[in-house]
Every structure is written in structure tokens, then in C-alpha cells.
Amino acid sequence: MSSYQQIYQQSIEDPDGFWAAAADQLHWYKKWDRVIDMQAKPVPRWFEGGEINTCYNAVDRHVESGLGDQTAIIYDSPITNQQTKISYAELLDQVSRFAGVLQKHGAGKGDRVIIYMPMIPEAAIAMLACARIGAIHSVVFGGFAANELATRIDDAKPVIIVSASCGIEPGRVVKYKPLLDEAIDVATHKVSRCILKARPQAEAGLIDGRDFDWDTEIDPAEPVDCVPVASTDPLYILYTSGTTGQPKGVIRDNGGHAVAMHWTMKNIYNVDTGDVYWAASDVGWVVGHSYIVYAPLLKGCTTIMYEGKPVGTPDPGAFWRVINEHQVRVLFTAPTAFRAIKKEDPEGHYLKNYDLSCMDALFLAGERCDPDTLFWARDKLQKPVVDHWWQTETGWAIASNPLGIEPMEIKPGSPTVSMPGYDVQVLSEEGEPMPAGEMGNIVIKLPMPPSCLPSLWGNDQRFIDSYLSKYEGYYLTGDAGYKDEDGYLWIMSRTDDVINVAGHRLSTGAMEEVLSGHEDIAECAVIGVADALKGQMPLGLLVLKAGIDRPEEEIVKELVQRVRDQIGPVAAFKMAKIVKRLPKTRSGKILRGTMVSIADGKEWKMPATIDDPAILNEITEALQSLGYAK
Ligand code: COA
Ligand code: AMP
């Protein structure tokens with residue numbers, strides 16, 4: 001048996017022994033009573049009875065063991081021409097004093113704190129400060145509009161919002177304060193405290209009595225100590241797209257999360273304490289939570305917070321500069337970032353300016369990695385390129401090539417094999433295991449390993465309905481695909497209305513809700529069509545109310561703006577077309593899957609249940625007019 005097989009087998013046969021050994025690597029105030037509580041509902045829970053503090057393990061522990069002078073965070077911001085290095089000792093000072101600020105303003109154990117911030121070190125400091133006092137953070141991505149922020153405020157009911165005066169996108173300053181004010185205005189739950197980091201690019205404009213300035217507050221603040229929390233107490237809530245406009249609040253436990261994060265750094269990414277690890281993502285996404293903040297710091301690595309893009313800040317050599325300048329061992333990003341670089345520098349000319357011998361491997365996730373992108377990256381970098389598959393719900397890779405255990409053969413298009421703890425299976429609609437090579441619903445047999453969500457915030461029923469009810473004893477991933485003869489997984493598509501745009505998970509259902517709210521729209525469908533750069537792009541098909549006779553261009557423009565205003569620029573909704581009718585089944589279900597196949601020029605079969613086949617001709621023409629269905 002290879003070492004991967006041995007370790008995988010052990011994790012499935014003896015999860016208690018396997019994860020207890022991993023947990024022993026961390027500091028616990030009180031050891032767990034049971035490694036896994038199989039009776040817990042709705043799903044088994046990890047390290048029940050144990051007491052831990054995630055911030056202590058990510059920061060204090062390293063200072064106490066003599067790593068205080070090592071750089072914890074490198075802030076590299078080509079967009080503002082700034083660079084800062086923060087040592088573990090400095091991080092401890094900042095985090096423990098900001099924890100004091102949070103306490104002073106009323107946040108304590110179990111209270112929620114929303115963090116709406118750009119990619120600046122203060123975002124990570126705020127997250128760790130919450131963890132320090134047992135408050136539950138919920139980071140909201142800066143590319144979301146006020147309305148999305150308001151939805152999260154109403155669901156999480158925070159006592160404090162931590163924000164900044166602005167984020168910076170190429171060519172524009174994104175002022176956060178008006179968005180924040182609007183969100184607080186719109187939300188039913190009233191937030192009485194905001195703490196804002198003022199950046200020179202925009203003024204915060206503080207509201208007296210409600211808003212406080214980060215610097216003024218932190219300077220005189222008294223440091224506070226770590227508070228022990230139960231292993232099963234939530235560390236954070238991270239909202240992610242589901243099938244409706246109401247996002248799902250994924251909960252992450254303190255104990256299981258810390259154990260899994262720490263374990264992955266060596267076993268999957270093959271990095272050690274002291275190594276420089278770079279996840280080029282954003283703290284607003286799960287990749288940012290796990291691999292910009294928690295996992296590298298739990299391991300005692302140096303992490304990079306990069307405020308820039310793969311291209312245009314200033315050129316397609318930006319990633320190579322960062323790798324070389326900071327001696328990065330592992331880079332983790334989304335395939336779309338590499339497609340962006342490849343588009344601007346197909347020959348890889350910019351690579352010639354940098355020595356990348358420090359780099360061991362590139363990891364990609366967030367969307368399916370098309371083999372072309374993988375080949376290009378491998379050819380240009382001359383390094384292993386590892387596609388790995390995971391979700392906000394799990395917090396770490398379900399399938400990967402475990403470089404720290406045993407590098408395995410790479411099959412382009414496959415994220416390799418199930419990671420320890422994940423019993424991944426492929427089932428038919430009826431729940432039968434699919435033979436090798438045949439597509440089905442990808443599920444994970446319970447129990448899932450540490451870090452996977454125990455529920456959705458305040459909504460056990462939605463958790464059960466969305467993930468557990470289709471097949472008893474299994475978690476439904478929402479992805480479809482197959483396992484090949486060698487046990488490699490192939491993740492081919494989503495089975496719900498979630499699409500993936502530039503590695504960002506978005507809900508077409510949420511966009512449809514926004515479009516339907518426009519006074520001229522009778523009904524609509526948003527589908528994700530293939531895009532060479534972003535993987536997928538949303539496209540709207542619109543049916544107008546009877547009697548509406550306005551120019552299409554005008555209506556589409558209003559709708560594009562409406563999605564931008566209500567969901568945010570990150571939705572990247574730019575294409576829509578008016579049609580007379582939408583194709584439906586006889587029972588009235590819109591045939592979105594068929595439209596996607598037509599748009600992408602794939603083979604498709606006329607659905608047996610279609611109400612009126614002639615509608616598809618009109619849809620094909622509409623899609624062709626937008627450059628699809630060729
Ligand atoms: N705050 C405000 N607006 C934001 C934002 C933020 N944090 N992030 C993105 N946006 C805006 C962009 O400016 C863009 O606005 P525009 O329509 O006015 O141009 C819009 O949201 C869409 O953003 P995006 O889809 O990211 O497109 P892009 O053209 O700006 O960049 C890539 C494309 C591929 C370069 C970029 O998406 C990227 O680097 N992605 C890979 C890394 C990544 O973040 N992965 C996520 C999980 S691993
Ligand atoms: P998110 O929760 O934003 O991380 O998105 C998770 C979803 O992105 C998964 O359910 C998949 O649909 C998709 N995804 C992420 N990584 C991969 C991958 N390596 N291959 C295929 N799909 C992926």
C-alpha cells in the first residue's frame with residue numbers, strides 16, 4: 001500500500017485515533033471528552049468537551065515558542081504601492097489590543113462581529129481579535145453591495161461592524177462608508193457600533209456616537225488575553241450562495257477547524273513552520289479565511305495579504321514578482337487568475353524577469369481547472385500544478401494531491417483523490433453507487449472530517465433540507481461528477497443554480513430575484529454560460545410584461561445596474577436578452593440546463609417533458625445574438 005492509501009484508510013477506519021493525533025499538535029485548555037460525538041444532531045461533532053482558543057494557537061503560541069521575530073503577515077499592495085511586514089510579536093500586540101477595543105464596545109463570547117474590509121492587515125487582525133475573545137466573526141466580501149451586507153446583518157445580528165473607509169479596485173476607489181451606512185439603514189437589526197480603519201484614499205466620515213476610528217481606538221487600548229471557548233463554539237459564520245437570494249450562513253467550529261487547518265499545511269501543501277505561503281484570494285472568501293489567515297498562522301508560516309490583481313497591477317508579471325520578492329514556497333489561487341495572466345502574456349515573457357526557484361508548487365481551486373490552464377501553468381512554471389476541490393462548507397480540500405504525504409500522478413482535469421477523513425462516493429438519483437467512470441451526485445458519507453460545517457447559522461432545518469435529506473447518512477455536495485478506475489475524482493458541474501464566475505460562487509436564483517423585482521419583467525431565467533476568462537458568466541433571459549414597449553437596450557441597462565446595486569459588481573452581470581417565452585417542462589419548471597447546453601454549443605437532447613419545443617429555436621437565436629450557441 002502506498003503511504004497515501006495507508007493514511008487514508010486509517011482516517012476512515014479509525015477517525016478517533018487519526019484526528020486525536022492531529023489535535024495533539026495544538027494547545028488545548030482542556031482536552032476533549034470525546035474525539036467525535038456520533039450522536040450529535042444534525043451531524044456528528046468534533047472534540048466535544050474540549051476547550052481551545054484559535055487565536056492563541058495561531059499567534060500567542062508562536063511568540064511563546066520563540067518565533068516572535070518571524071514575519072507573520074506580509075502586506076503587499078501594488079495597488080497602493082505599499083508593503084508592510086508584521087512579526088508574530090507585533091501581530092500579538094495588535095490583535096490583543098484590538099480585542100480590547102472590541103470588548104470595550106460590547107463584544108464578548110458568542111457575539112457576532114461583521115467584518116467588511118478590503119485586503120489590508122487590519123482585516124486579519126480583526127478576525128483574530130474576535131477569535132481571541134470568543135466573538136464570532138462574519139466577513140463580508142467587499143465586492144458585495146449594501147443590500148447583501150444588510151441581509152447578512154439581519155441574519156447574523158452583529159453587535160459591531162468593523163470596516164474601512166474604502167477598498168481599491170483598478171481605476172476606482174470603492175467607498176465603503178456609504179455602502180455601510182445604507183446597509184445599516186436598510187437592515188432591520190440595528191447596529192450601534194462601527195469601527196473604521198481610515199485609509200488615505202477616502203474619508204470615513206464618522207457618525208458621532210456610532211462610528212469610531214480604528215487608530216484612535218487601538219492606540220490606547222489595553223491588551224486582553226485569550227478566552228477559552230468550547231471546541232464546538234463557532235469561530236465564524238461565512239455566508240455563501242445557495243439557490244435563493246438568502247445566502248447560507250456556514251458555521252465553522254473552533255476546535256475541528258484549528259485541527260484540520262493545521263494538519264493540511266504539511267500534509268496537503270507540504271509546508272513547514274517558517275515557510276512563506278501565499279493564497280492570492282480575498283479574506284471575504286473561504287480560501288481567504290482558511291489559507292490567508294488561519295492555516296498559515298496556525299502552522300507558524302509567513303502569510304501574504306496581496307492587495308492587487310494577477311494582471312494590471314501593474315502587469316502580468318505581478319504574481320512572479322511577489323513569489324520572487326517574498327520567497328514564496330506555495331502559491332494558491334483560482335484557475336481564472338492564471339487564465340487572466342495567460343491572456344495578457346501567453347508566451348510567459350514576464351516570467352523571464354524573475355527567479356522562481358523558491359517555489360515548490362502551485363495549487364488551484366475555486367472552480368474546475370480546465371486542462372489547458374493547467375498545462376500552460378505547468379509548462380511556464382516548470383512546477384507541479386495541483387488542482388484541488390473544496391467548498392465553503394468544508395473549509396479545506398475534499399480532494400487533492402497530498403504533496404506532503406505522497407505526491408501522486410497528476411491527471412489534468414481531476415483534483416486527484418479524496419483527502420483523509422472524506423469518504424467520497426458517487427450516487428445515482430436513487431442512491432445507488434455509480435460504477436467507475438459514470439456520472440452521479442457526489443456525496444460524502446457522514447461523519448465528515450473536522451472543520452466541515454455543523455449547521456447553517458440559526459437554521460438547522462435549511463441545513464438538513466439542503467445537504468442531508470436527499471440521501472440518509474450522506475452530505476450532498478451539490479457537485480456532479482465521477483470516480484475513475486484509479487479512484488480519482490472528476491468534478492464536472494453543479495447540480496443546483498450556483499454558478500462560478502472568476503472563482504466566485506454566485507447564485508443565479510439571487511440574480512433572478514433582483515431582475516424579477518424590475519417593474520417591466522414578467523419572468524426571467526439567469527444561466528451560467530461558459531467564458532474563456534472567468535469560467536462562467538451570468539446571462540439573463542427576460543420575458544416582459546404585456547404592453548411594455550421600451551427599447552431593449554434601455555431595459556437591459558437598467559437591469560445590469562440593478563444587479564450591480566443590489567448584489568454588487570462581483571456578480572459580473574452584464575448580458576441579458578428579451579425573449580417572448582421561456583422553455584419549460586409541462587409542470588412549469590424552467591429548462592435552465594438545456595439552455596446552458598445550447599449556449600455552450602454542447603450536445604443536448606430535447607427534454608421529453610418540454611411543453612413547447614419551438615421555444616428553443618427562439619432561445620437559440622437570442623443566445624446567438626449575444627455570441628453564444630455557436
Ligand atoms: N471590492 C469591490 N469591487 C470588487 C472587488 C472588491 N473586493 N472585487 C472585485 N470587484 C469588482 C471588480 O472591480 C469588477 O468590477 P467592474 O465590473 O467594474 O469591472 C467586478 O467586481 C467583477 O470582478 P471580477 O469578476 O473579479 O473581475 P475582474 O475583471 O476585476 O478580475 C480576475 C478578474 C480573474 C483578474 C479576478 O477575478 C481574479 O484575480 N480572480 C482570481 C482570484 C480570486 O479572487 N479567487 C477567488 C477564490 S480563490
Ligand atoms: P466555494 O464554496 O465558493 O469555494 O465554491 C465551491 C464550489 O466551487 C464547489 O462546490 C465546486 O462546484 C466548485 N469548485 C471548487 N473547486 C473546484 C475544483 N477544483 N474543481 C471543480 N470544481 C470546483
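Predicted model: local features only at pLDDT ≥ 70, side-chain atom pairs only at ≥ 80, totals over all residues.
We may begin with the open sheet, which is built from seven strands in the order β5-β4-β17-β16-β18-β19-β20 and has mixed pairing. Its edges are taken by β5 (82–87) and β20 (385–387); each has a single partner strand, so one side of each is left without a neighbour in the sheet. On average, neighbouring strands of this sheet are turned by 20° against each other, direction ignored.

One of the pairs can be picked out by residue: S77 has Q82 in β5 as its bridge partner. Across β4 and β5 lies helix α4 (residues 88–104), which runs at about 90° to β5. A further helix, α10 (residues 286–299), also packs on the sheet, where it touches β4, β16 (276–279), β17 (302–306) and β18 (330–333). The direction of α10 makes about 150° with that of β17.

Attention now turns to strand β24 (residues 440–445) and its partners. Five of the six residues of β24 are buried, that is, under 20% relative accessible area, so this strand is largely enclosed by the rest of the structure. β24 pairs with strand β23 (residues 423–427) in the antiparallel sense over five bridges, and here K445 of β24 stands opposite D423. Strand β25 (residues 474–483) also pairs with β24 in the antiparallel sense, again over five bridges; in this pairing, Y475 of β25 is the bridge partner of I444.

Terms used:
Residues numbered from 1 in each chain as written. Chains lettered and ligands numbered in written order. Heavy atoms only, no water. Pairing = 2+ DSSP bridges. Helix = DSSP H or I, 4+ residues; strand = E, 2+ residues; numbered from the N terminus. Axes fitted to C-alpha atoms, helices over the stretch in contact; angles between N-to-C directions. Contact = heavy atoms within 4.5 Å. Buried < 20%, exposed > 50% of the residue type's maximum accessible area, 1.4 Å probe, protein only.
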